[in-house]
Amino acid sequence: MIANGGVRTYEDATRCLEVTGCDAVMSSEALLENPGLFAPSSCSRDSGRRSLLLQEDLASEYLELAKAHGCQSKCVKAHMFHFLYAALQLHTDLRSQLGQAKGIDEMAAVNEALRRRRAEDRAGGVQWPETGWYMRYREPLRCPEEKERKKRKAQEAEADAEAVRGGPGAEAADEQASKRPAVGAPATAAEGAA
Ligand SMILES: Cc1cc2nc3c(=O)[nH]c(=O)nc-3n(C[C@H](O)[C@H](O)[C@H](O)COP(=O)(O)O)c2cc1C
């Protein structure tokens, strides 16, 4: 019996084995981001234990293998976006560069740039998760600029809704509406006489 679904970390896998008594555990989406998920130290909710393996390391090992085995750039890029998902939500300029990268060497250059950025981030005390792909809908990672943009959009939508409910915008709209002829009524006196 194999259990499947919702296994995101090594701890999830071991807990699933213990609680269900199944013979094996399978994971799918989480492995796209962290192929080392079944190695105890590779992935943990306790970020202190995760120091052995960074997403950039996984990505560069993968790129070496992809190059050695002549993998197609399109497939390789899709995997790179999974591996580096969290960091690229923060460093969106590098996300664009990865999107434009032609071939494995250019992808490797972006990965190295990201490695340097993340090292600076860590040294500067920037708090940012290593992973986030699996939870991207339930717990979306948003960089500060994107948060600000979303907030502005929500405020604009609220202002529009307020105008419709009876704010100053609605008064102007009512005035315009009162000048229009009623449905079925003649549009002008001349038309009425005709
Ligand atoms: C890239 C990918 C390919 C999948 N292919 C299949 C498939 O061919 N047949 C199938 O029954 N499920 C497929 N699934 C679903 C998974 O086997 C799994 O049931 C589902 O993703 C839930 O598990 P997870 O929470 O570990 O992702 C696929 C999932 C992914 C992400």
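Biologist: Which residues have the most contacts inside the largest nonpolar core?

Modeller: This is a predicted model, where local features need pLDDT of at least 70, side-chain atom pairs count only at pLDDT 80 or more, and totals for chains, interfaces and linings use all residues. Residues are numbered from 1 along each chain as its sequence is written. A nonpolar core here is a set of buried Ala, Val, Leu, Ile, Met, Phe, Trp, Tyr and Cys residues joined through C-beta atoms within 7 Å, and buried means 20 or more other C-beta atoms within 10 Å of a residue's own, placed from the backbone (exposed is 12 or fewer, partly exposed in between). The largest one has 24 residues, and the most contacts inside it belong to Ala59, Tyr62, Met80, Phe83 and Leu84.

Biologist: And which helix gives the most to this core?

Modeller: Helices are DSSP runs of H or I, at least four residues, numbered from the N terminus. Helix 1 (10-20), helix 3 (55-68), helix 4 (73-83), helix 5 (85-90) and helix 7 (103-123) each supply at least two residues. The top contributor, with 5 residues, is helix 3.

Biologist: Why are the buried residues of helix 7 on the same side?

Modeller: The buried ones are Met107, Val110, Asn111, Leu114 and Arg118. They sit on the same side of helix 7 because the arc they cover, taken from the directions from the helix axis to the C-beta atoms, is only 105 degrees.
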